[in-house]
Amino acid sequence: MSEAAKLFNSKGARATTLADVAATLGLTKTSLYYYVKTKEDLIYQCYKATLEGVLSTLSEIEQTQSSASDRIRAYINAHFEAIRLAKEGSGHHVAALLEIASLKEKRRSEIEHGYIAMFKKLREFIQQGIDAGEFRQVRTTTSTRALIGALDWSFYWLEPVPNDEIPALAEAAASIILSGVAAAPYSYEQISEQKLQSSPVQPGFDRDAQNRLKQEAFFKAGTRFFNRKGFSGTSLDEIAEFLNVSKGAFYYHINSKDELLYRCYDYSLDQIEAAYAPIVERDDMGLNKAVSTCHQLFGLQLSEAGPLVRYNTITALAEEHRKPILRRTNNTNRMMRHFLEQGIEDQTIRPINTLVAENLITGALNAAMELRSWRPIDNIPNTAVEYFDALINGLLNPQEN
């Protein structure tokens, strides 16, 4: 299960085969059938083990830590420590819960039940902090979703980090979530009133414009399906049916599922880069730029212009496509880190570890598309304020900070 979890995290659960798992263990595929009947059975067991471990950790934290801040800090430290131990070979790899929707109904329901229990316990920690006056008044459901999303991809970005540096990065992450990145309390009034922009839509007055609009519709629909069902769980036929177009019309624009996935990444990155471009050129403080970017991309995720593709399908891309997509992604992430570094220089952002802050923010952005499953969203700009509140201003009351 540890080796399977490692492969699921690096290749994606749907892209991993039982033969892959057997090969890493030096076994035959047939021998795995003694333990699991199908790959879905293995995915289910790995996800179940992850949730049992997290719930056990949360229960222990609740018994051993009395304050809400100590509980949140202990949870983050335990999350990073599990990754460190797995990397050095003295602990088990933990499967990131990124493809729950790929499970069949009965097992999916069981895993979702465990996920909700984990969510509620973390939300309870935050609510206890608010009730005790230790934490600021925040939207607990929204802040909990942002916290979990911020940590979702830790296994990925911590992979190249030397093991002895991980405990310090865990402390840096806890500091950011508890105290935020802002050097002083940040006011959202102007941000919450601004209209979030999406990429302009070309009018369909000619054939080329009409084709572009059709392709954009394919990319948006494809992204929704890939995000929800993974690469292997998505079929072009169901996307065509969802869009109410014939298969022939669909295949006129898209040759294969592999091409569609690549084009979905390409389209998302076009939108992300378009959102960054005017902010990069703006004469403004680093914190304002970072917050504006967060809100702009949040708006893309949850508006009709989105969603942006979730990176749990990145390993399904062909090698010649994966490298340029990762290169573009790293370039956009570096722009966020540049804003954070500028903020430290102009003193709108307190001294923080910008590597950690960049990855917490981009992780939260990547997970933002799931927020509608947890709460209604009537006003996207105001919800963006609530979603990033803990990362910008921290959970702690200024008196406790």
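What share of the contacts in the protein with a separation of 6 or more comes from residues 24 or more positions apart? Such residues account for 75% of these contacts, a contact meaning heavy atoms within 4.5 Å. This is a predicted model, in which local features need pLDDT of at least 70 and side-chain atom pairs count only at pLDDT 80 or more, while totals for chains, interfaces and linings use all residues. Residues are numbered from 1 along each chain as its sequence is written, and side-chain values use heavy atoms, with hydrogens and water left out.

**Overall form**

- The protein has 18 helices and 0 strands, these being DSSP runs numbered from the N terminus (helices H or I, at least four residues; strands E, at least two).
- Its radius of gyration, taken over C-alpha atoms, is 21 Å, which agrees with the value near 21 Å for a compact globule of 401 residues; the globule rule is 2.2 Å times the number of residues to the power 0.38.
- Along its principal axes, the C-alpha trace spans about 65 × 60 × 35 Å.

**Burial and core**

- Of the 401 residues, 52% count as buried, where buried means under 20% relative accessible area, exposed over 50% and partly exposed in between (1.4 Å probe, protein chains only).
- The largest nonpolar core has 127 residues, among which I76 and F80 touch the most other members; such a core is a set of buried Ala, Val, Leu, Ile, Met, Phe, Trp, Tyr and Cys residues joined through side-chain atoms within 4.5 Å.
- Helix 14 supplies the largest share of this core, 10 residues.
- Leaving aside residues up to four places away in sequence, F80 touches L151, S154, W157, L158, I166, L169, A170 and A173.

**Aromatic rings**

- The structure holds 14 aromatic pairs, defined for rings of Phe, Tyr and Trp (its six-membered ring) with centres within 6.5 Å, planes under 30 degrees apart counting as stacked, over 60 as edge-to-face and the rest as tilted.
- The Y276 and F339 pair is tilted, because the ring centres lie 5.9 Å apart and the planes stand at 35°; Y276 in helix 14 (residues 257–281) and F339 in helix 16 (residues 319–346) are 63 residues apart, and both are buried.
- F298 and Y387 also form a tilted pair, with 5.3 Å centre to centre and 40° between the planes, linking helix 15 (residues 286–302) to helix 18 (residues 380–393) across 89 residues.
- F298 is buried at a relative accessible area of 0%, and Y387 likewise counts as buried at 0%.
- One aromatic cluster is formed by Y115, F119 and W374.
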